[in-house]
Amino acid sequence: MAEVRHKKGEKIERVNLSEKQLKSRKARNIAIALCLAAFVGVFYVATVVKFGPAIMQNRGFNQ
Amino acid sequence: MAMVEDIVSGDARVSEATPADYFELLKPKVMRLVVFTALVGMLAAPGAINPFLAVFSILAIAVGAGASGALNMWYDSDIDGVMTRTIKRPVPSGRVTPSEALIFGVILSALSVLTLGLVANWVAAGLLAFTIFFYAVIYTVWLKRSTPQNIVIGGAAGAFPPMIGWACVTGTLTIESAVLFAIIFLWTPPHFWALALWKMRDYDNAGVPMLPNVVGEKKTRDQMLIYAAILLPVTVAPAFLGFGGVAYAIVSTILAGTFLALTYKVWAIAGADPNLKAEKYLFGFSIFFLFAVFATLLIEAVVFRSFGLSLTLGDIF
């Protein structure tokens with residue numbers, strides 16, 4: 001389990017994750033990605049709703 | 001530095017926690033009640049809120065409530081580990097470390113409050129922040145282990161959600177939303193003490209001063225009866241304040257009357273039944289009571305908003 005860094009040139013011992021650890025890490029990564037996407041979606045829609053029709057009123061185009 | 005030392009010494013811990021473990025930290029059962037009561041507060045409030053903003057607000061309130069649950073599980077992991085009801089929670093069972101639960105709770109608290117402030121308003125967000133602080137610090141850290149009145153004061157944290165829902169729409173705190181708060185606040189002690197009466201040994205083992213362990217069963221039953229008696233007029237109050245209709249007046253009177261009658265039974269039997277059937281029945285009914293009271297308000301609000309139909313006591317008298 002331990003990762004020990006030896007002197008230059010020597011073999012590096014790596015952490016070997018078990019099947020269960022890999023699987024749970026992947027599931028956590030997916031969950032975080034989905035939560036972030038949902039968070040972005042919430043703020044995108046909330047911004048559009050809060051601005052209302054004014055969001056289409058761009059002075060540069062309308063004048 | 002500690003982490004580096006752990007790695008070098010071979011004690012590095014690679015998490016096996018799944019998203020479901022983290023979700024469990026949010027106390028989903030409590031979250032369901034929070035979502036429901038906040039929704040009722042939102043719909044019963046005068047005024048309108050955009051449906052998208054309403055959904056996002058409820059989501060933020062739910063996450064905020066869940067975050068306070070995670071902070072509670074972080075702090076209480078020691079006593080959770082000695083009570084049968086809580087021993088399988090993610091922290092005492094070792095699936096999530098206390099520090100992971102703490103960080104998870106703090107981040108979600110901040111995100112939920114900021115989101116509610118931006119999506120609804122800052123009065124609602126301020127109330128949510130206060131609720132999280134109240135539950136995590138005032139109740140969990142301070143009162144839970146130091147006073148047998150822990151449930152009474154801690155119950156306030158669970159009573160805030162309908163007020164937050166109301167504030168999302170109106171941006172204010174009013175007497176109506178305070179009544180919704182009072183219903184849950186007064187309901188909490190008899191609800192929890194009914195549970196505590198038959199789980200006394202568990203709380204005793206954990207060193208949590210629940211009222212039956214400290215002042216005895218008789219005084220606990222006395223106080224339960226007082227709370228149930230005060231709960232009756234407060235539960236019916238929305239009908240007199242005009243935001244509950246005639247249907248609510250009838251249903252709430254029956255429900256609160258039954259609640260009082262069942263509490264009286266618990267008081268009168270005074271633990272003579274070793275199986276504590278009356279206490280268990282009261283605990284079960286108390287859950288139904290709160291759900292039914294708020295569901296009636298919800299149905300009335302939805303019918304009023306959808307069809308413009310409303311019949312209040314003011315229309316009759």
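Student: Which are the buried residues of helix 14 of chain B?

Tutor: Helices here are DSSP runs of H or I with at least four residues, strands are runs of E with at least two, and both are numbered from the N terminus. Buried means under 20% relative accessible area, exposed over 50%, and partly exposed in between, with a 1.4 Å probe and protein chains only. In helix 14 of chain B the buried residues are Val246(B), Tyr248(B), Ala249(B), Ser252(B), Leu255(B), Ala256(B), Phe259(B), Leu262(B), Thr263(B) and Val266(B). As a general idea, an α-helix has 3.6 residues a turn, so residues three or four places apart point the same way.

Student: Where do these numbers and letters come from?

Tutor: This is a predicted model, in which local features need pLDDT of at least 70 and side-chain atom pairs count only at pLDDT 80 or more, while totals for chains, interfaces and linings use all residues. Residues are numbered from 1 along each chain as its sequence is written, chains are lettered from A and ligands numbered from 1 in the order in which they are written, and side-chain values use heavy atoms, leaving out hydrogens and water.

Student: How many residues does helix 14 of chain B have, and what span does it reach?

Tutor: The expected span of a helix is 1.5 Å times one less than its number of residues. Helix 14 of chain B, residues 246-269, has 24 residues and reaches 35 Å from its first C-alpha to its last, close to the expected 34 Å. Ala270(B) follows this helix, with a positive phi near 55 degrees.

Student: Where is Lys27(B), and is it buried or exposed?

Tutor: Lys27(B) sits in the loop between helix 2 (19-25) and helix 3 (28-44) of chain B. Lys27(B) counts as buried because its relative accessibility is 12%. Its phi is also positive, near 50 degrees, in a residue other than glycine.

Student: What does Trp187(B) touch?

Tutor: Contact means heavy atoms within 4.5 Å. Trp187(B) lies in helix 10 (residues 175-198) of chain B and is buried, at 7% relative accessible area. Leaving out residues up to four places away in sequence, Trp187(B) touches Leu231(B), Phe259(B), Ser286(B), Ile287(B), Phe289(B) and Leu290(B). Phe259(B) is one of the buried residues of helix 14. The side chain of Trp187(B) also reaches the backbone oxygen of Ser286(B) at 2.8 Å.

Student: What is Ala101(B) in contact with?

Tutor: Ala101(B) belongs to helix 6 (residues 98-119) of chain B and is buried, with a relative accessible area of 0%. Apart from neighbours within four places in sequence, its contacts are Leu25(B), Ala70(B), Trp74(B), Val91(B) and Val96(B).

Student: What is the area buried between chain A and chain B?

Tutor: The size of an interface is often given as the accessible area lost when the parts come together. Here buried area is the accessible area (1.4 Å probe) that two parts lose on being put together, summed over both. Between chain A and chain B the value is about 1,700 Å², with carbon and sulfur atoms giving 74%. In this interface, 20 residues of chain A are in contact with 21 residues of chain B.

Student: Which residues form the salt bridge?

Tutor: A salt bridge is a side-chain nitrogen of Lys or Arg within 4 Å of a carboxyl oxygen of Asp or Glu. The rule finds one across the interface of chain A and chain B: Lys20(A) pairs with Glu16(B), their closest N and O atoms being 3.5 Å apart.

Notes
A polar contact is a pair of N or O atoms within 3.5 Å; within protein, one must be able to donate a hydrogen and the other to accept it, and residues adjacent in sequence count only if both atoms are side-chain atoms.
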